[in-house]
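Dear colleague,

Please find below the structure that I am handing over to you, with its sequence. My notes on it follow directly after.

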Amino acid sequence: MYAIFENGSKQYKVSVGDLLKVEKLNAEIGATVQFPVILTADEKGIQAGKEVSAVKVTAEVVSQGKEKKIIVFKYKAKKNERKKQGHRQPYTQIKVTAIG
C-alpha cells in the first residue's frame with residue numbers, strides 16, 4: 001500500500017516505514033506529525049478525492065538539518081558584473097509510521 005500526500009507545495013509518494021526529507025516543519029525530534037492524503041493505492045485499487053478525505057499519513061520526526069550548500073553564480077559577460085551567493089535549504093527528515 002502507498003499514499004501520496006502534499007507538503008510545502010510538493011507531493012510525496014510513501015509507504016509505511018519510508019524515510020523522507022520534506023520542507024522544514026516546526027516540530028521537535030520524536031514528535032508525531034500528520035499529513036492529509038491526496039491518493040491511496042492498495043490491493044483494492046486506487047482511491048482519491050472524497051474517498052480519502054479522512055485518511056492521514058502519520059509520521060515521526062527523525063531529524064532536522066540543512067542540505068549541502070549550492071552555489072548561485074550570476075554573471076554578465078563583458079560587463080564586469082559577478083555575484084556569488086550560497087544557499088542551504090533546511091529540511092525535516094521523517095519516518096512514516098502509518099497510513100490511514
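**Findings**

Asn80 is exposed, at a relative accessible area of 66%; here exposed means over 50% relative accessible area, buried under 20%, and partly exposed in between, with a 1.4 Å probe and protein chains only. This is a predicted model, in which local features need pLDDT of at least 70 and side-chain atom pairs count only at pLDDT 80 or more, while totals for chains, interfaces and linings use all residues. Residues are numbered from 1 along each chain as its sequence is written, and side-chain values use heavy atoms, with hydrogens and water left out.

Asn80 lies in the loop between S7 and strand S8 (81-87), where strands are DSSP runs (E, at least two residues) numbered from the N terminus. Although Asn80 is not a glycine, its phi is positive, at about 55°. Ser9, also not a glycine, has a positive phi near 60°. Ser9 is placed in the loop between S1 and strand S2 (10-14) and counts as exposed, with 68% relative accessibility.

Asn7, by contrast, is buried, with a relative accessible area of 13%. It belongs to strand S1 (residues 2-7). Apart from neighbours within four places in sequence, Asn7 is in contact (heavy atoms within 4.5 Å) with Tyr12, Val22, Glu23, Leu25 and Phe35.

On the surface, Ile71, Phe73 and Tyr75 form a nonpolar patch with about 350 Å² of accessible area together. Such a patch joins nonpolar side chains (Val, Leu, Ile, Met, Phe, Trp, Tyr) within 5 Å, and like charges within 9 Å, from residues with over 30% relative accessible area and no salt bridge; a salt bridge is a side-chain nitrogen of Lys or Arg within 4 Å of a carboxyl oxygen of Asp or Glu. Areas come from the Shrake-Rupley method with a 1.4 Å probe, and for residues only the protein chains shown count as cover. Ile71 is in strand S7 (residues 70-76) and is exposed at 53%, whereas Phe73 is partly exposed at 48%.

The whole structure holds 3 aromatic pairs. Phe73 and Tyr75 form a stacked pair, 6.4 Å centre to centre with 15° between the planes. Rings of Phe, Tyr and Trp (its six-membered ring) pair if their centres lie within 6.5 Å, and count as stacked under 30 degrees, edge-to-face over 60 and tilted otherwise. Ring pairs also link Phe5, Tyr12 and Phe35 into a cluster.

Yours sincerely

Conventions:
Helices (H or I, at least four residues) and strands (E, at least two) are DSSP runs, numbered from the N terminus.
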